[in-house]
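Reader: Could you take me through the aromatic side chains in this one, and what sits around them? A close look at that part is all I'm after.

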Amino acid sequence: MIVLGIESTAHTFGVSVIDNRKVLSNIIDAYKTKSGGIIPYKASLHHVRVCKTVINKALDKAGADFSDIGLVSFSQSPGIGNCLKIGAAAARSISIVHDIPIIGVNHCIAHLEIANMLTDCKDPVLLYASGANTQIIAYEGGKYRIFGETLDNGIGNMLDSFARFIGLGFPGGPKIEKLAKKSNNYIEIPYVVKGMDVSFGGILTNLKNKVSSKKYKVEDLAFSLQETVFAMLMEVSERAMAHCNKNELVLGGGVACNKRLQQMAKIMCKERDAKCYIPENQFLVDNAAMIAWLGLIKYKAGNRMKLSETYIKPYVRTDDVLVNWR
Ligand code: ATP
Ligand code: FE2
């Protein structure tokens, strides 16, 4: 079955065409700012502006047209309301005009399920580290449950804030990664794990104070920041794996593009004889292939959605989602 997926939870507008497990196209166009974070209505204007082009590009690259599409899938939850609305409206329009079934899916669960599409992985723990989200998710007791998460900022937003503070611009994550490579000098900063949760607000304040004191080199701070926050993520991921008795870890989210984080994840998995799955970057960042795939497996499990059920759900939590496709 050929599925067209649409992603629009935040700054990325993406469209992908998949044929079962095969990705025929996966196009993204992301709203960018010169400084500062996402302004929701501006991001939604971006999505309106690029929507038709991205859909056509994805169809062209896949060598498909609407008559080939058997299902339209879109990210229905969670995310920024203004942005979610544009993807949902585009999906509804396609569904109505071309008489194609439509299905809405949860974005966070899509980050986990894509590993099943790309690899032989069966029942993983997901470390989902993106701009807005930092969660450890696994399927347990009939639901996808959040075993640990940030108590304040998402890790990517924290890296971006620190990068902005030292004048590196957006997105900050890759720039901090580059800067950190210049150092091997660890400076003590707070390590904040509370039970299974993590927190980044205090770390950011501590780092800003260190920069203002002018006593430290920024590359040493970038290095120490990465070592500390990635170790925190490893600690809670490993504990979730042990608690759930699972031996697969999947990485997801833009921050998972970071090579040092990937290296730590591989070491941790090796040490506990577990497998570490790291999708290529285009499937780590927000993308529509994962939306198409989750739509497909939900549809195959018998789920159907009326147009009246395709309203967006910006605040849904992962463990609120009814799972009937496994
Ligand atoms: P979501 O809506 O799922 O929260 P998002 O809108 O934040 O996702 P993503 O593309 O998943 O989008 O992640 C973007 C984040 O990833 C940014 O904060 C960016 O700085 C960070 N990032 C990207 N590459 C790297 C890297 N190499 N190292 C660290 N962080 C990175
Ligand atoms: Fe995401």
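Author: Let's start with R304, whose charged end sits over the ring of Y299, 3.7 Å from the ring centre. "Over" here means that NZ of Lys or CZ of Arg is within 6 Å of the ring centre and within 35 degrees of the ring normal. R326 does likewise with Y139: its charged end sits over that ring, 3.8 Å from the centre.

Before going on, a word on the ground rules: this is a predicted model, where local features need pLDDT of at least 70 and side-chain atom pairs count only at pLDDT 80 or more, while totals for chains, interfaces and linings use all residues. Residues are numbered from 1 along each chain as its sequence is written, chains are lettered from A and ligands numbered from 1 in the order written, and side-chain values use heavy atoms, with hydrogens and water left out.

Back to Y139, which forms one aromatic cluster with Y144 and W325. Searching the whole structure turns up two aromatic pairs, a pair being rings of Phe, Tyr and Trp (its six-membered ring) with centres within 6.5 Å; planes under 30 degrees apart count as stacked, over 60 as edge-to-face and the rest as tilted. Y144 and W325 have ring centres 6.2 Å apart and planes at 20°, so they are stacked. Because Y144 is in strand β8 (residues 143–149) and W325 in the segment after α10 (289–300), this pair ties together parts 181 residues apart in sequence. Y144 and W325 are both buried, meaning under 20% relative accessible area, with exposed over 50% and partly exposed in between (1.4 Å probe, protein chains only).

Conventions. Helix = DSSP H or I, 4+ residues; strand = E, 2+ residues; numbered from the N terminus.
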